[in-house]
Amino acid sequence: MANADAGDGGEVILDAPGFIRVYRSGRVERFLPVDFAPPSTDAATGVSSKDVAILPDACVSARIYLPAPPSSGSYSGKLPVLVFFHGGGFCLGSAFDAAVHAHANRLAAAASAIVVSVEYRLAPEHPVSALYGDAWAALQWVAAHAAGRGQEPWLTAHADLGRVHVGGESAGANIAHHAAMRAGSEELGHGVKLSSLVLIHPYFLGGESSETDEMGVALLRELVRLWPVVCPGTSGCDGDPLINPMAEGAPNLASLGCRRVLVCVGGKDPMRGRGSLYCEKLKGSGWRGELEDWEADGQGHGFHLSCPMSAEAEAQVRVIAEFLSYG
């Protein structure tokens, strides 16, 4: 809903109170500040982290997480890599936020994996298509370290680039899905292939919703309003495969460029039904990979960030870790 803002002198094209306000002039106000956490060695897990540049000119970077070696002091072999994208509706959030940082520490420790948490650009200053491009650039950057090449020593020394996974939470899961679809038709380079895709509470819209909770219905309504702001020129949530990969006429999910997929949903997540439909469509697409799905009973969207020490959040981390261990 548009309205006038006297202080700015411009028209407001989106006002999501407490989250974001977007003006037709291009000005953006965000009301959820990033709780920045510096890279460190995590006291609880022993995981070390550091920040690296991926596309310096575009301000695309990543935080890399290296799990602590076992008590023997050295790794028994190379470690799998999870390239991960944070959530935030494409327009909020950061890989450097304290909650995202803590979750990446836990994933790296539980899975004994190197996590590359990507700081991609945000919409609406950059359209969603640019965010997808950032994700692909991050995967190519990782792939460039194959056979000991590349400039990042943690990857050249410790990464098993025969086990590269891509994943994300919420909007980051949407980004990860599209990266995996691109990997089905385009080479990452250096002989590197995607092993698996991890979708945590995937941000897919469109179609009919079975949501009955009043707050859930209101949230979905706001997300539908947000989509054309972050993705100008969209055909709408029902028919746009960027936000609704299950739409009629969308690229066939059989083209997914990995051999394994894990979908995690919350039982009270308003987008739970879209995640479940994604699983159904993938099963019926002709894709020949292995699909696993997991539901946290009674939990909402992003509960692992808001309640990271809950039994359900810890269980979700274990499910992801176990899934990656077979990749």
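Colleague: What makes strand β7 mostly covered?

Modeller: Buried means under 20% relative accessible area, exposed over 50%, and partly exposed in between (1.4 Å probe, protein chains only). In β7, residues 79-85, seven of its seven residues are buried. Strands (E, at least two residues) and helices (H or I, at least four) are DSSP runs, numbered from the N terminus. Bear in mind that this is a predicted model: local features need pLDDT of at least 70, side-chain atom pairs count only at pLDDT 80 or more, while totals for chains, interfaces and linings use all residues. Residues are numbered from 1 along each chain as its sequence is written, and side-chain values use heavy atoms, with hydrogens and water left out.

Colleague: How do you know that β7 is joined to β9?

Modeller: Two strands pair if DSSP finds at least two bridges between them. Six bridges join β7 to β9 (residues 159-169), and the two run parallel, so they pair by that rule. One example is L79, whose bridge partner in β9 is A159. β7 also has five bridges to β8 (residues 114-119), again parallel, with F85 partnered by V118.

Colleague: And why is the crossover from β7 to β8 given a hand?

Modeller: The chain goes from β7 through helix α1 (residues 98-111) to β8, and this β-α-β crossover is right-handed. That word is used because, with the strands pointing away from the viewer, the path from the first strand over the helix to the second runs clockwise.

Colleague: How many disulfides are there by the rule?

Modeller: The count comes to zero disulfides. A disulfide is a pair of cysteine sulfur atoms within 2.5 Å. C231 counts as buried, at 8% relative accessibility, and C237 counts as buried at 9%.

Colleague: Is E152 buried or exposed?

Modeller: E152 sits in the loop between α2 and α3 (153-158). Its relative accessible area is 7%, so E152 is buried.

Colleague: What joins the side chains of E152 and K50?

Modeller: A polar contact of 2.8 Å. The term means a pair of N or O atoms within 3.5 Å; within protein, one must be able to donate a hydrogen and the other to accept it, and residues adjacent in sequence count only if both atoms are side-chain atoms. So 2.8 Å falls inside the limit.
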